[in-house]
Amino acid sequence: MPKAVWLLVIGMMINVTGTSFLWPVNTIYMHDHLGRSLTVAGIVLMLNSGAGVIGNLIGGTLFDKFGGYKTVIIGLSITTASLITLVFFHSFLPYAILLTIIGFGSGVTFPAMFAMAGTVWKEGGRKAFNAIYVAQNVGVAVGAAIGGLAASISFEWSFIGNTLLVIVFLLLVIFGYRGMGTALHAVSPESVLTQNKRIKNKSVFKALLVLCTGYLLAWICYVQWTSSIASHTQEIGIDLKQYSLLWTVNGAVIVLGQPFLNVVLKKWIHSSKAQIMIGYSIFIVSFIVVSTAHAFSGFLIAMLILTIGEMFVWPGIPSIANELAPDGRAGFYQGVVNSTATAGRMIGPVFGGFIVDQFGMNTLFGIIFGFFILSMLVTQAFDRLIPSIKVKEKPLDI
């Protein structure tokens, strides 16, 4: 990989490691420590993710106008200032407000990172996105393990750890990404008006939106692991260290499983759509297992299956978006994809919290199965809008 991609990989890993100190325990902190209902905790996480949706779209637009360096600096500055404040003020109201601002800052940063990966290593294709995806999951594995230990001592250590690592990431960006931002801006010269002329029928963009519809539903289901299921594990006697270990296993399997996955994709799966459909099917199996789990071993098995599913699905959507994007609009297309995932993280906690509070976990699991079936149906229709598009002919290079 080029040096620029390695810098992006290292930066993403540091950033996500810091974030993983906090995000797996947000619901637990608000529900168990601050005494708020799952519905209220879900609303706070919805505000966090809603701000992230706005940040994603703004970040993608800023990337297209000003390049990656300036965009990431803006997003990280907002996030860092909020996290420093959170260290000192984390009663419920400041927590809710600051978590919302953090969501916006992170939203600005992430599409710029993905767009940079796609533009500094165009010949790498999907490999650039997979490198960023793996880096994220190394961060999840390390951050969740250390963060769970820190939170079991005191939640304040979770706030401090997140803050310190984001500051390290900001310093890496300041001293390592400057030239990268200039280069990126130079290769993305098209204006919005030029793009509109090129895709007058909008069929490619509509196809992306169809794909993202299934992606949204899948994220609404997936995020239950960090909200309703997280609280459920505490209620049945699984402690915080064990719950955090599940996310360590998630990240470790993603990193260590890459060689095996490469073999599977090259030998047996021959289209990107098929890979995504298989991933959604594996997600269903995971939730069947977790719906019947009553001990840590059951949740561990469900997490292992869930992880295999996401290895098929999550890297695929941004890489397809990069192939679909016209010159000069890579940031915007990545913003759409990231905002879709963020919208799922926004809707998921409050939706799941409400269903559990009113009807119980079994009803939530039934709805989740229905959502995954809908995801598969809309994904099946994706390439009918653009039957000649090349991405349906090529397997994801994971």
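Which helix does Leu306 lie in? Leu306 lies in helix α15, where helices (H or I, at least four residues) and strands (E, at least two) are DSSP runs numbered from the N terminus. The model is predicted: local features need pLDDT of at least 70, side-chain atom pairs count only at pLDDT 80 or more, and totals for chains, interfaces and linings use all residues. Residues are numbered from 1 along each chain as its sequence is written, and side-chain values use heavy atoms, with hydrogens and water left out.

The protein has 18 helices and 0 strands. Of its 398 residues, 60% count as buried, buried being under 20% relative accessible area, exposed over 50% and partly exposed in between (1.4 Å probe, protein chains only). Contact means heavy atoms within 4.5 Å. Among contacts between residues at least 6 apart in sequence, 85% join residues at least 24 apart.

Leu306 itself is buried, with a relative accessible area of 0%. Leaving aside neighbours within four places in sequence, Leu306 is in contact with Tyr222, Trp225, Phe283, Ser286 and Phe287. Tyr222 is 84 residues away along the chain, and its C-alpha atom is separated from that of Leu306 by 8.5 Å.

Helix α15 (residues 296-313) pairs with helix α14 (residues 272-291): their axes come within 7 Å and cross at roughly 170°. Axes are lines fitted to C-alpha atoms, for helices over the stretch in contact, and angles run from 0 to 180 degrees between N-to-C directions. Angles under 35 degrees count as roughly parallel, over 145 as roughly antiparallel, 65 to 115 as roughly perpendicular and the rest as oblique. The two helices, α14 and α15, are therefore roughly antiparallel to each other. Residues of α14 in this contact include Phe283, Ser286 and Phe287, and those of α15 include Ile305, Leu306 and Gly309.

The largest nonpolar core has 117 residues, of which Tyr177, Trp225, Tyr280, Phe287, Trp314 and Phe372 touch the most other members. Such a core is a set of buried Ala, Val, Leu, Ile, Met, Phe, Trp, Tyr and Cys residues joined through side-chain atoms within 4.5 Å. Not counting residues up to four places away in sequence, Tyr177 touches residues including Leu7, Leu8 and Gly11. In helix α1, Leu7, Leu8 and Gly11 are among the buried residues.

Leu374, in helix α18 (residues 361-380), is partly exposed, with a relative accessible area of 41%. Leu374 and Leu217 are 157 residues apart in sequence and 7.7 Å apart in space, C-alpha to C-alpha.
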